[in-house]
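Reader: Please show me the model. I want to go through it question by question.

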Amino acid sequence: QVQLVESGGGSVQAGGSLRLSCVAARDQYSRNCMAWFRQTPGKEREGFAGIHTYYGGAVYGDSVKGRFSISGDNVENTVYLQMNRLKPDDSAMYYCAAGDPYGGGYCDPRAPGLYKHWGQGTQVTVSS
């Protein structure tokens with residue numbers, strides 16, 4: 001059973017920054033795809049950043065490209081999401097997810113069915 005624990009959410013003014021963290025169990029973090037998703041009430045969940053914990057190679061959705069950065073720490077089994085130039089539209093519950101790419105090295109956060117394990121989420125609120 002994968003355990004993913006997110007932290008780092010909070011309230012910030014537009015233009016500000018936050019860094020989210022997601023700690024995973026070692027045997028589930030290694031050589032897996034890790035990704036960040038977000039969801040607001042009434043909207044579909046959006047996968048917007050993914051990374052392979054061994055090969056690297058971050059993949060971003062258009063809505064965050066150039067503002068957000070995903071990275072991994074293979075010692076701490078932790079994936080981070082650095083969020084800069086935040087906008088009110090970025091307000092959402094943010095979730096960390098993990099999935100086994102079965103030897104592949106490309107971790108698209110939009111890949112259907114790839115991410116099977118989820119954290120409980122951390123809330124991000126951006127005020128104008």
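Reader: How many of the seven residues of strand S4 (residues 33–39) are buried?

Author: This is a predicted model, where local features need pLDDT of at least 70, side-chain atom pairs count only at pLDDT 80 or more, and totals for chains, interfaces and linings use all residues. Residues are numbered from 1 along each chain as its sequence is written, and side-chain values use heavy atoms, with hydrogens and water left out. Helices (H or I, at least four residues) and strands (E, at least two) are DSSP runs, numbered from the N terminus. Buried means under 20% relative accessible area, exposed over 50%, partly exposed in between (1.4 Å probe, protein chains only). S4 is mostly covered, and its buried count is six.

Reader: How many bridges join S4 to strand S5 (residues 46–52), and which residue is the partner of Cys-33 there?

Author: Two strands pair if DSSP finds at least two bridges between them. S4 and S5 run antiparallel, joined by six bridges. Cys-33 has its bridge partner in S5, and that is His-52.

Reader: Which residue takes a positive phi in the hairpin of S4 and S5?

Author: The hairpin has six residues between its strands. The positive phi is near 85°. It belongs to Gly-42.

Reader: Which residue of strand S9 (residues 92–99) stands opposite Cys-33?

Author: S4 also pairs with S9, in the antiparallel sense. Seven bridges make up that pairing. Opposite Cys-33 stands Gly-99.

Reader: Is S5 enclosed or open, and how many of its residues are buried?

Author: S5 is largely enclosed by the rest of the structure, because of its seven residues the buried ones number six.

In S5, Ala-49 stands opposite Trp-36. The buried count for S5 is six.

Reader: What is the bridge partner of Gly-50 in S6?

Author: S5 and S6 form a hairpin with three residues between them. Three bridges join the two strands, which run antiparallel. The partner of Gly-50 is Val-59.

Reader: Which residues are linked with Arg-38 in a network of salt bridges?

Author: A salt bridge is a side-chain nitrogen of Lys or Arg within 4 Å of a carboxyl oxygen of Asp or Glu. The structure holds five of them. Arg-38 pairs with Asp-90, with the closest N and O atoms 2.9 Å apart. The network links Arg-38 with Glu-46, Arg-67 and Asp-90.

Reader: How many residues apart in sequence are Arg-38 and Asp-90?

Author: Arg-38 forms a salt bridge with Asp-90. Arg-38 lies in S4 and Asp-90 in the loop between S8 and S9, so the pair ties together parts whose separation in sequence is 52 residues.

Reader: How far apart are the closest N and O atoms of Asp-90 and Arg-67?

Author: Asp-90 is buried, at 2% relative accessibility. Arg-67 is buried too, with a relative accessible area of 8%. The closest N and O atoms of this salt bridge are apart by 2.7 Å.

Reader: Are Asp-62 and Lys-65 buried or exposed?

Author: These two form a salt bridge, with the closest N and O atoms 3.3 Å apart. Asp-62 and Lys-65 are both exposed.

Reader: Which charge lies over the face of Trp-118, and at what distance?

Author: A charge sits over a ring if NZ of Lys or CZ of Arg is within 6 Å of the ring centre and within 35 degrees of the ring normal. Arg-38 lies over Phe-48, at 5.1 Å from the ring centre. Over Trp-118 lies Arg-45, at 3.9 Å.

Reader: Why is the pair of Tyr-54 and Tyr-55 edge-to-face?

Author: Rings of Phe, Tyr and Trp (its six-membered ring) pair if their centres lie within 6.5 Å; planes under 30 degrees apart count as stacked, over 60 as edge-to-face and the rest as tilted. The structure holds five aromatic pairs. For Tyr-54 and Tyr-55 the centres are 5.0 Å apart, and the pair is edge-to-face because the planes stand at 85°.

Reader: Which strands stand at the edges of the open sheet of four strands?

Author: The order is S1-S3-S8-S7, with antiparallel pairing. Each edge strand has a single partner strand, so one side of each is left without a neighbour in the sheet. The edges are S1 (4–7) and S7 (68–73).
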